[in-house]
Amino acid sequence: MSKFTAETFQNEYLPVDGDEVNAVVTVTASGGGSTRRGAEIVIVDTSLSMGVPSTKLAEAVRATTAAIACIRDGVAFGVISGSSDARVAYPPDGGLAVASQATRAAAYLAVRQLRADGGTAMGAWLRRAAELFGSAPPGTRHAILLTDGQNQHETAEQLGEALAAVEGRFQCDCRGVGTDWEVGELR
């Protein structure tokens with residue numbers, strides 16, 4: 001798992017009447033293995049609640065295509081469609097694809113086909129991501145979860161068990177879509 005540190009340096013001897021401070025910030029990453037390899041997975045909430053209002057899923061699709069566009073050539077990637085269960089939306093064989101111009105274009109098409117249906121079971125989505133990461137090359141393993149954050153179709157205990165099962169296997173950034181997502185569930 002990657003670890004990041006940040007250090008800030010500034011001039012300690014500013015004039016009394018000074019009104020400007022310049023700083024140098026150094027960010028260091030370690031422990032993530034090679035940044036040229038590894039894997040990226042985008043988990044898109046496609047539960048029924050993402051269809052109302054209809055802009056939620058459209059915005060999640062837009063964010064997903066933007067994320068796919070940022071994946072470097074040679075990095076393994078996939079897209080999970082999450083509802084009551086988790087299915088791999090891309091690649092069609094259910095594994096991970098290797099990023100290239102052609103695979104990104106195919107992923108864009110697959111993502112545009114996503115439809116809102118079913119319930120919300122985030123734990124199942126995270127477990128599916130962990131399975132996919134199991135076939136990834138060594139290196140950084142990162143997921144982005146886009147959801148309206150209402151985990152209604154599994155218990156808090158089930159989500160907790162899933163989190164414990166996947167802890168340390170990959171990093172996941174959660175992003176709320178819309179205005180009514182549950183902050184606690186995304187944390």
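Predicted model: local features only at pLDDT ≥ 70, side-chain atom pairs only at ≥ 80, totals over all residues.
Student: How do α1 and α2 cross, and within what distance do their axes come?
Tutor: The axes of α1 and α2 come within 10 Å and cross at roughly 170°. That makes α1 roughly antiparallel to α2, where angles under 35 degrees count as roughly parallel, over 145 as roughly antiparallel, 65 to 115 as roughly perpendicular and the rest as oblique. Axes here are lines fitted to C-alpha atoms, for helices over the stretch in contact, with angles from 0 to 180 degrees between N-to-C directions. Helices are DSSP runs of H or I with at least four residues, strands are runs of E with at least two, and both are numbered from the N terminus.
Student: Which residues make the contact?
Tutor: From α1, V61, T64, T65, I68 and A69; from α2, R104, A107, Y108, V111 and R112. Contact means heavy atoms within 4.5 Å.
Student: How do they divide into nonpolar, polar and charged?
Tutor: Six are nonpolar, two polar and two charged. Ala, Val, Leu, Ile, Met, Phe, Trp, Tyr, Cys and Pro count as nonpolar, Asp, Glu, Lys and Arg as charged, and the others, Gly among them, as polar.
Student: Is T65 buried or exposed?
Tutor: T65 is buried, at a relative accessible area of 18%. Buried means under 20%, exposed over 50%, and partly exposed in between, with a 1.4 Å probe and protein chains only. Leaving aside neighbours within four places in sequence, T65 is in contact with Y108 and V111.
Student: And what does Y108 touch?
Tutor: Y108 touches T65, I68 and A69, not counting residues up to four places away in sequence.
Student: Which residues of α2 are buried?
Tutor: T103, R104, A107, A110 and V111 are buried. They cover an arc of only 120° around the axis, which puts them on the same side of α2; the arc is that of the directions from the helix axis to the C-beta atoms. On the other side of α2, Q101, A102 and L109 are exposed.
Student: What covers the buried ones?
Tutor: The cover includes α1 (55-70), β4 (76-82), β5 (86-90) and β6 (97-98).
Student: Switching topic, where is the cis peptide bond?
Tutor: It joins Y90 and P91, with omega about 0°. P91 sits in the loop between β5 and β6.

Conventions:
Residues numbered from 1 in each chain as written. Heavy atoms only, no water.
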